[in-house]
Amino acid sequence: MPGSRVSAVPAQRFAIGARIRSAWMARSRQERLVYQLLLPVFGSVFVVATIPFVLAVIQAVTSDSRGFVGFDNFARALGNPLLYESIKQTAIYAAIALPTEILGGLGIALLVHRTVRSSAIRAAIYIAAMIPIVIPQIAVGVIFRLVYAPDYGILNVLLGQTGPNQPLWLSSPPLAMIATASVDIWQWTPFVYLIMFAGFQTVPSESVEAAQVDGANAWTQFRHIELPYLRPLLLLVLFFRIADVIRVFDHVYVLTGGGPGTTTQFLSLYIYRIGFKFSDLGQASALAVVVMVAMTVFYTIVSRFLPADRG
Amino acid sequence: MTHRSRRLTRIATYALLAVIAFIFAFPLFYLIATSLKTKADLFAPVPSLFPPAPTIEPYISVLFTRGFDGLLVNSIIAGLSATVLAICIAFAICYPITRLPAPPRLRAFVLNWALSLRFLPPVAVVIPYFAIVRTIGLYNQLPALILVYTIFNLPLAIWMLRGFLDEIPIEIEEAALVDGASRWYAFRAILLPLSRTGILAVVIIVFAFDWAEFLFAFILTATPQAMTFPVGVQGLVTQFEIIWNDMAAGGVIAILIPLSLMILARRHVMTGLTFGVIREK
């Protein structure tokens, strides 16, 4: 471009362009290769994964018939008492399942770590503990339908309660909550066990031996030597499990369908119901946006505490 | 502690572990037992613990009479395609951030972004996806599932692959580059063969996740043309009258595939589930 004839503004633009270009050239060939390789792929993936967010927002503030509706859907979504009911039920579910899983998994890990010395048995427990985790949630629902269903469920048979007054594990309010939470406990306690057991292996044996020489008993050894090594892992487990409780859907859908009433209508089931049973996609999108924002905030806070090396 | 009391504690612990193992194993046992029962067994006044006359009839009934073999094929096609896509994309993203001098902040951004997707509940994402899929005419089509599965399991693939690539020393490739090899050659002839085990582990675990997925398939498909196996199994449960042995057989088949894959890749399962925080050596 002939420099003498361009006005001030393009000249400035040219200068910025040149500055960017020279900054670009100043990077090593390898650094430039990073961007050349990463940008097209990561950029498109990022866009494709972000479209749903944008679309959820658009769906939430518009309606097919009325066009732009502002915050109507948000007002309806947040004004619906059933939302708070589902949050409450989700919290109860979490309050039953998470402490049981974490304490149970930690306890079993401690037992195995202290008493089982044979590496063959340890390996066998490792494989066994992995089985519930890898079972698809739908199949977990099937398994526990066979346990809890009236008449054909094995639990009432074992309890000797087969008559007309048998406990209805899946269709009476407090029992349905216990039944669905117990399924979570069955599937995820082994997960906590595996993480905690791996955590115990990271405790340096010198510290444990030194404590034992100093006369520490089993509890002191756990409390002051081992627990500090496990703390970041406990946090990790808690965060992952909270994220999982928010998404609990499959096994509950198969076991109770969210019933009886709203007893097991947890957050994911509630949003599903609003969106696909009542076909109120506007309100469901508003809920989706709220949940996405809440989980992003949750993740932002949590990621500071995660023990993973952050890249 | 005396020798004797230590021995007693040991025995008590083993007994306790055995009880726990029994409680965990029992529901699984009953699933398998039910899947081997005949139709006639279902009408016994009290269901039996063991199948009186074991039969594979329920499996035949589920797979062929009910046509679940088609759903099985759908699940495998959707899972395999999405896995292959996710691995290729993950490789293209992980290569620059592990083998090249990527700025640490860029690297952290990519990894954090991927991990943050893990915290999104699928039900929130499925609502906009439902609209997208209907608009572009992919409703009740396998490509819709492939697309969604690829994106949803990409974070897992990225984190696992990045873990494996970080463990391969970069010096071998650098030596080849110094000797005048091209970057492409160093990638193809050195890095790719060295990361074969890692790639296989990621493939297995991502496929198992795709296989087990329910909600997306449930909402984005409607007929056996594109339905996946877990959606079919769900249909066996919530229908008016449950045929228990068929339902159990469906459950067993749904379990067998991820279970056998996970046993193959057992050393990497926990790495995958915790995004590389737990590493099994």
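**Contacts, domains and confidence**

Start with the interface: 76 residues of chain B are in contact with 74 residues of chain A. Contact here requires C-beta atoms, placed from the backbone, to lie within 7 Å. Keep in mind that this is a predicted model, where local features need pLDDT of at least 70, side-chain atom pairs count only at pLDDT 80 or more, and totals for chains, interfaces and linings use all residues. Numbering runs from 1 along each chain as its sequence is written, with chains lettered from A and ligands numbered from 1 in the order in which they are written.

Helices are DSSP runs of H or I, at least four residues, numbered from the N terminus. By class, chain B's side holds 62 nonpolar, 10 polar and 4 charged residues. Nonpolar covers Ala, Val, Leu, Ile, Met, Phe, Trp, Tyr, Cys and Pro; charged covers Asp, Glu, Lys and Arg; the others, Gly among them, are polar.

Now chain A. It splits into domain 1 (3-70) and domain 2 (76-303), with bounds from an automatic or database domain assignment. Their centres, over C-alpha atoms, are 42 Å apart. Their contact takes 6 residues from domain 1 and 7 residues from domain 2. On the domain 1 side, helix α2 (residues 29-61) of chain A gives the most, 5 residues. That side has 4 nonpolar, 2 polar and no charged residues.

Last, confidence. Mean pLDDT, the predictor's per-residue confidence from 0 to 100, is 87 for chain A, and 91% of its residues reach 70 or more. Residues 1-9 of chain A stay under 50. The model has 2 contacts beyond four places in sequence for that stretch.

Note on methods
Helix = DSSP H or I, 4+ residues; strand = E, 2+ residues; numbered from the N terminus.
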